Every structure is written in C-alpha cells, then in structure tokens.
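Visitor: Could you show me how to read surface patches and cavities in a protein model?
Guide: Gladly; let us look at one together.

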Amino acid sequence: MSEETKHNNQPENTEESNKFPKEHLQKRTVYSPDGEKIEIDPLQDYYLQDRPERRDPRYRVVEKFLNWARSESLWILGFGTGCGSIELPPLTTPRFDAFRFGIAMRPTPRQSNVFIISGYMSIKTLKRAIRSYEQMPDPKYVVALGSCTINGGMYFDSYNTINRLDKYMPVDVYIAGCMPRPEALIAGFNKLKQRIKEGRAEGANEYVQRFDEYKANQKQIIKDWNMPDYNW
Amino acid sequence: MENIAAKLLWTFLGLLIVLNWGMLKTSIVRKIVARVGGRYGIRWYQPWINLIKLYGTRGQLSHGVMFYLGPVFRIAGGVGLFLFMPLIFGDPRWSNFAFAGDLILLLYFKFFGMLGMALGAGEGGHPYSAIGVSRGLSQYTTVEIPFTLGIIALAVQYDTLSLTEMVAAQQGGIANWTIVTNPIASAALLFSMLGIFMHAPFDLVKAPNEIPIGPPTEYHGSYLGVLRTNAAIMHITEAVLFMNLLFGGANNWIELIIKTFLIYFITVFIGVVFPRFRIEQSVRFFLGVPLILGILAIILIM
C-alpha cells in the first residue's frame with residue numbers, strides 16, 4: 001500500500017470538537033497512488049448540504065391522477081422499531097395478503113414511500129428513523145402503529161423512549177392499540193389511501209416548512225448528534 | 001421496406017407492444033408465484049400503477065453524472081437488443097432492424113446495459129450496490145460461456161450469423177426446431193437462459209431483503225421507473241431471442257406471446273421449485289454441466 005493518510009485537523013479538547021467525535025468524519029488529506037494530494041471533508045463531500053425544498057403539487061388534474069397511483073402503490077420501508085414490527089410480516093402471508101391492495105415491502109428507504117413506525121421508539125432508534133425518513137423521496141407518508149407512538153403507551157415514563165412521534169416527524173395516520181392486529185393495519189392503510197386521494201397527505205412539505213422546529217425537537221432528545229443536519 | 005419513417009414507426013409500435021406484454025407478464029408471473037404460496041397476489045394492473053407512481057415521484061436526487069447515466073445505459077441496452085431482434089418471421093414490418101450479422105451485435109447489447117448499470121450503481125456509493133454488481137458480473141460472466149458456446153454451435157450448424165436465416169431454417173414443423181435437431185446445444189442454451197433471466201434460483205444478484213436490493217439500492221423515482229421499463233422490455237426480448245434460436249420463431253403475434261410466455265415459464269417453474277443458489281454455487285453450476293454441454297455441442301458439430 002502506497003497510500004498515506006494523515007489527519008491535519010486533530011481534535012482539540014473543546015466542546016465543539018466533540019460534536020463529531022467519529023474519526024471517519026474528520027477532515028483529512030489523502031495521497032492517491034500517483035502522489036496526488038486530495039483534501040477530504042466528509043461532512044461536506046459525502047452528504048448534501050442544501051436545505052430541503054418544498055415541492056408543491058402543480059397541476060391539479062395531473063396531481064389527482066398521480067395521487068391515485070401513489071395511493072394504490074404503497075411501498076413500505078421494512079424498518080421495525082419496536083414490538084409492533086412483529087405485526088408487519090403477517091401482511092405478506094396468505095391469511096392477510098396485503099399485496100392485493102397494492103402494498104409491498106421495499107428494503108431500502110430510497111424506493112419506499114410509506115414509513116411505518118411500529119411501536120415504541122427508543123432514542124437510539126429515533127436517530128436512524130430520522131435519517132431513513134429524510135432519505136425517502138417525497139411524497140412520503142408516515143404511519144404510526146400502536147399506542148406508544150401516540151402518547152408513549154406503556155412506556156410513557158421510560159427514560160429512553162419518546163412519547164409523541166409527531167414532535168419529530170409529521171404523521172399521516174395513527175393506528176391505536178397495543179398491539180393492533182394486521183386487520184387494523186390494513187384498515188389504517190385504507191385510511192391512508194383515502195387521505196392521499198384527497199390530496200391531504202403532504203407530510204413531506206410540512207416537514208420542510210417546519211424544518212427548524214422539527215430539528216430543534218430532535219436535537220433536544222438526541223444528545224450525541226454526530227450527523228449532518230441535512231442527510232438525504 | 002423502403003421508407004425509413006414507416007419502418008421506425010412500426011419498430012416503435014412493436015416496442016410498445018413488447019413493453020406492455022412484458023408488464024402483463026410480470027403480473028401474471030407474480031400471480032402464479034402467489035398462487036403457489038396460497039395467496040391471491042397482486043392485481044394484474046399493479047405494474048402499470050407502480051410505473052406511474054415511480055415516474056410521478058417529486059423529490060429526486062442524483063449522486064453524479066454516471067449515476068444518472070446508469071439507467072440510461074441499461075435501457076439503451078434493452079432497446080438496442082430489441083431494435084436488432086426479428087420478432088415475427090416473414091413480416092418486414094416486425095423484423096425491426098435485423099441484418100446479416102445481428103447475432104453478434106445482440107450478444108454485445110446484452111452485456112452493454114449491465115456494464116453501464118455497474119458504473120452507475122458504483123457511483124451511488126452504497127456498499128450493497130457494489131456487492132450486487134460484483135455478484136451480477138461474476139455470475140453473468142460464467143453464464144455467458146455456455147451461452148456463447150451454444151450460439152457458436154448453432155452458427156456452425158446453420159452456417160449463418162443472422163437470426164432471420166436461423167428461423168427460416170427451422171420452418172416446417174416441430175421436427176425442424178433446433179431443440180430437436182441439436183438437443184445438446186439447446187440444453188446448454190436453456191441452462192444459460194436460467195442465468196440470463198436471473199429468476200430464482202439465480203436471483204442472488206438482486207437478493208431482495210438480504211443485500212437490500214442489489215445494484216439498484218440507491219435508485220428511486222424515475223430512475224427506478226426506467227429500470228423497471230427496461231426489465232419489461234428486456235425479459236420479452238430475451239425470450240424472443242431464445243424463441244428464434246431454439247423454438248422456430250413466430251409467425252404472428254399470438255404465437256409470439258404464447259411462446260415467450262412458455263419460455264419464461266420454464267424459469268418460473270424452476271424458480272418456485274428450487275431454493276436460491278449462493279453466488280459461488282451458481283458460478284460452480286454454470287462452469288459444470290452447462291459448460292460441458294456447450295463444449296460437447298461444439299465438438300459434435302465440427
């Protein structure tokens with residue numbers, strides 16, 4: 001290996017330098033095999049630095065048609081946050097067969113448009129959930145499953161879980177219960193479809209509009225915020 | 001046919017038919033797989049809805065020029081494969097731009113889209129894309145060997161590199177089809193067909209839910225829409241290729257639709273019966289019996 005790596009910005013012992021303690025997020029200079037000097041600033045180079053923008057629906061007729069297509073093709077992000085995620089796999093089994101309603105599971109946030117927060121959300125998971133939510137292309141919808149996402153449920157006084165989900169991301173449909181059965185989940189999806197068809201499911205735009213408020217709430221909970229503010 | 005504008009128009013119409021037949025085939029296959037599992041499965045028009053939704057995605061981002069060009073290369077490969085593929089035998093309207101040496105060009109176009117996709121997915125920067133690409137290319141390299149050997153055997157047998165002439169030589173009943181006249185080369189080609197369609201048991205490249213989705217992990221919105229459009233065109237065009245090589249071509253659209261469906265159904269049938277191969281298993285598989293059959297076909301035809 002002819003590559004040389006050296007860090008020109010060693011972390012200092014201040015509070016500011018501890019904001020991003022991860023080594024791979026430090027600024028550094030890298031020499032290529034040809035001896036070329038390359039400066040890398042991961043937070044600048046690896047992530048997008050623009051604030052999200054509002055993307056409003058433009059033509060009413062076209063949007064109505066597209067909303068119909070969106071509502072009939074709900075791709076769920078396979079991200080189980082709590083015990084509620086055990087209610088998701090039965091949707092694909094012969095008994096419930098959600099494929100009939102245009103509901104499918106997608107493994108990556110880039111390709112999905114429905115995010116199910118399935119149950120209680122610990123602070124550690126919230127961080128990942130926010131990143132996943134922001135990586136989804138809009139229009140995107142959030143379905144909150146179970147009582148824990150509404151008022152904390154049985155974890156209302158836990159030191160490690162959040163109580164109200166809609167302080168951290170805009171929620172389209174709540175499905176109450178502990179736990180709601182897959183039938184309730186499908187009923188929730190029908191509610192979501194109705195909402196999308198009526199053109200009221202503009203959660204992504206709401207998130208952009210109240211971006212500072214949501215970020216403030218998120219940062220209040222997540223103490224080790226070692227990621228950029230805009231990471232889609 | 002003299003008029004190039006009319007020719008282009010017929011080709012475009014053919015592309016449209018093939019695209020829609022490809023979408024319908026996707027939903028039929030999904031339905032069959034669902035029925036095997038005891039479910040009802042998706043609605044038959046679901047692939048079109050998905051496509052509309054994907055093209056209607058508002059927020060899209062790019063990771064760079066090559067990321068943008070990946071799906072473009074992929075669909076260029078698919079449409080290129082279609083452009084030089086004779087669809088209906090004896091009808092100049094549906095022969096597209098088939099010419100004397102089209103078989104070699106088709107072999108090239110089959111690989112072209114894959115390489116473009118590899119570059120594009122690489123710029124996406126996701127590790128799963130890189131894993132998917134390396135798996136896809138290593139599997140496809142081994143699939144190509146029996147495939148190419150079988151095609152060379154057929155080229156020697158019919159003394160031509162033109163698909164139209166090969167189909168012409170197979171006219172006049174099932175007894176003249178390549179699958180009867182040259183079963184060993186046909187077997188090598190049919191084995192490699194399983195790898196080319198990338199249906200189970202050779203679907204580890206896209207391995208849903210394991211390395212999330214393989215090369216297109218970062219692709220979303222209309223990028224994914226383009227990839228899905230290409231998949232619909234590509235599957236039917238490849239089935240047409242095998243129909244022309246082995247099963248005597250088609251004399252009308254009904255025959256084409258039935259034959260392509262049955263050809264694709266071979267892979268579906270094997271896919272629902274056998275579990276998925278790991279990548280080194282599938283590499284070893286294609287370098288085993290199919291390769292021996294390919295070499296045997298060449299030796300026997302000499």
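Visitor: Which element gives the largest share of the nonpolar patch?
Guide: First, some background. This is a predicted model, where local features need pLDDT of at least 70 and side-chain atom pairs pLDDT 80 or more, while totals for chains, interfaces and linings use all residues. Residues are numbered from 1 along each chain as its sequence is written, chains are lettered from A and ligands numbered from 1 in written order, and side-chain values use heavy atoms, without hydrogens and water.
Guide: A patch takes residues with over 30% relative accessible area and no salt bridge, joining nonpolar side chains (Val, Leu, Ile, Met, Phe, Trp, Tyr) within 5 Å. Here α10(B) gives the largest share, 3 residues.

Visitor: Which residues make the nonpolar patch?
Guide: B:Val33, B:Val36, B:Phe269, B:Val272, B:Val273 and B:Phe274 make this patch of about 530 Å². Two elements of chain B, α1 (4-36) and α10 (253-273), each give two or more residues to the patch. B:Phe269 lies in helix α10 of chain B.

Visitor: How many cavities of 30 Å³ or more does a search of the whole structure find?
Guide: A cavity is a set of points on a 1 Å grid where a 1.4 Å probe fits but cannot get out; lining residues have an atom within 4 Å of a point. The search finds 3.

Visitor: What classes of residue line the second largest cavity?
Guide: Its lining has 6 nonpolar, 3 polar and no charged residues, including B:Phe89 and B:Asn244.

Terms used: Patches are made of residues with over 30% relative accessible area and no salt bridge: like charges are joined within 9 Å, nonpolar side chains (Val, Leu, Ile, Met, Phe, Trp, Tyr) within 5 Å. Accessible areas come from the Shrake-Rupley method with a 1.4 Å probe; for residues, only the protein chains shown count as cover. A salt bridge is a side-chain nitrogen of Lys or Arg within 4 Å of a carboxyl oxygen of Asp or Glu. Helices (H or I, at least four residues) and strands (E, at least two) are DSSP runs, numbered from the N terminus. On a 1 Å grid over the protein atoms alone, a cavity is a set of points where a 1.4 Å probe fits but cannot get out, and a pocket is an open set with protein on both sides within 12 Å along at least five of seven lines; lining residues have an atom within 4 Å of a point. Grid points are joined across faces, edges and corners, and a volume is the space filled by probe spheres set on the points. Ala, Val, Leu, Ile, Met, Phe, Trp, Tyr, Cys and Pro count as nonpolar, Asp, Glu, Lys and Arg as charged, and the others, Gly among them, as polar.
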